[in-house]
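Here's a quick tour of a protein model, starting with how its strands pair up and ending with its surface and charges. Have a look at the structure first.

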Amino acid sequence: MFIQDSVALQHENKRMTHVYQHIEFSYRDGVGHIVLNRPDTLNSFTQIMHEDIRAALSFLESRDDLRGLIITGTGRGFCAGQDLSERKPLPPGQKRDLAEGLDKNYRPLVLRLRALPAPVVCVVNGVAAGAGASVALACDIVIAARSAKFIQAFAKIGLVPDAGATYVWPRLVGTQRAMAAALLGEPVTAEQAEQWGLIWRCVPDEELQATIQAMHEKLANGATRALAATKNAIYAAGENSLVEQLEVERDLQRAMGNTEDYQEGMRAFAEKRVPRFTGH
Ligand code: T3D
């Protein structure tokens, strides 16, 4: 079943009545697809877009058949960060509290993507700037079109990198590259991003749709519980000692040993066939 609009979502789950305006959201085979959909402004984040994404994530979090999430954008950009038309200059003497927007929108978004109990794949179809790049890099796997680029645009408007950028960039590419990208605000091409380890893979633009389809198939047929546990373990490794991490692995493996998918994996191995995982 392809759940494509708010009416269908309402039918599927009576608590969900959201009408999507600035994203397209669909759900098929347990895989959610969020497509940022404001191409005229390179899919920059509006308050409405944040509310749309929140509703989509709530739907996904409510599903016990969830297998994954794929995020991409329409048009020539992935996301140009915060919509700056929602940040008009204020009259002299007035101040704006940007922390409010971070606490309300970007912080929970990054944390919910990290916590989603299934892999989140970002397919960066074009330029990713400011918080657009940060949100892409908050996803578990990032694949970019060759024409895409990542821009730490913050310095150019007098802000610090946010939405997790100062956490993720140094960990992925090292302090020196993270620093130069942030202080200079120069574009990092998709090819460079792949070479640096900022993203998983750069693919030819014409292969992007096929890549999305391949990712969909992979997620829809994965051993989802094990994949979710793997993602948790890898993120925990950034904070843990080796001793602690060995304990994390032991505890997660104990839980995986009791899953249906592990049993299926063992049967499939013995029978020399491809496993048919259910995600449970
Ligand atoms: O405020 C808070 O809540 C704090 C949190 C902040 C998080 C952030 O993300 S801050 C960073 C915000 N983003 C930026 O500063 C990036 C601004 N955009 C650009 O620098 C450039 O657009 C790009 C380098 C990304 C792409 O350049 P280019 O030449 O390929 O495209 P363009 O011509 O600049 O943009 C195309 C259209 O999109 C254009 O509209 P027009 O002239 O055709 O009517 C442009 O105004 C619009 N656009 C691009 N980025 C934004 C935007 N409109 C609103 N907000 C944007 N961020």
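## Strand pairing

A ground rule before we start: two strands count as paired if DSSP finds at least two bridges between them. Keep in mind, too, that this is a predicted model.

With that in hand, take S4 and strand S6 (residues 127-129): two bridges join them, and the two strands run parallel. One of the contacts to look up is glycine 77, whose bridge partner in S6 is valine 127.

Zooming out, S4 and S6 belong to an open sheet of four strands, ordered S4-S6-S8-S9, with mixed pairing. At its edges sit strand S4 (77-79) and strand S9 (188-189), each of which pairs on one side only.

## Overall build

The whole protein has 11 helices and 10 strands. Its radius of gyration is 20 Å, close to the 19 Å that the globule rule gives for 280 residues, so the protein is as compact as a globular protein of that length.

What share of the 280 residues is buried? Buried residues make up 46% of them. As for contacts between residues at least 6 apart in sequence, 68% join residues at least 24 apart.

## Surface and charge

The accessible surface comes to about 14,800 Å², and carbon and sulfur atoms account for 55% of that.

On the charge side, there are 31 positive and 33 negative side chains. The centres of those two sets lie 1 Å apart.

Notes:
Residues numbered from 1 in each chain as written. Predicted model: local features only at pLDDT ≥ 70, side-chain atom pairs only at ≥ 80, totals over all residues. Heavy atoms only, no water. Rg over C-alpha atoms; globule rule 2.2 N^0.38 Å. Buried < 20%, exposed > 50% of the residue type's maximum accessible area, 1.4 Å probe, protein only. Contact = heavy atoms within 4.5 Å. Areas by Shrake-Rupley, 256 points an atom, 1.4 Å probe, with all protein chains shown as cover. Lys, Arg positive; Asp, Glu negative; His and termini not counted. Charge placed at Lys NZ, Arg CZ, Asp CG, Glu CD.
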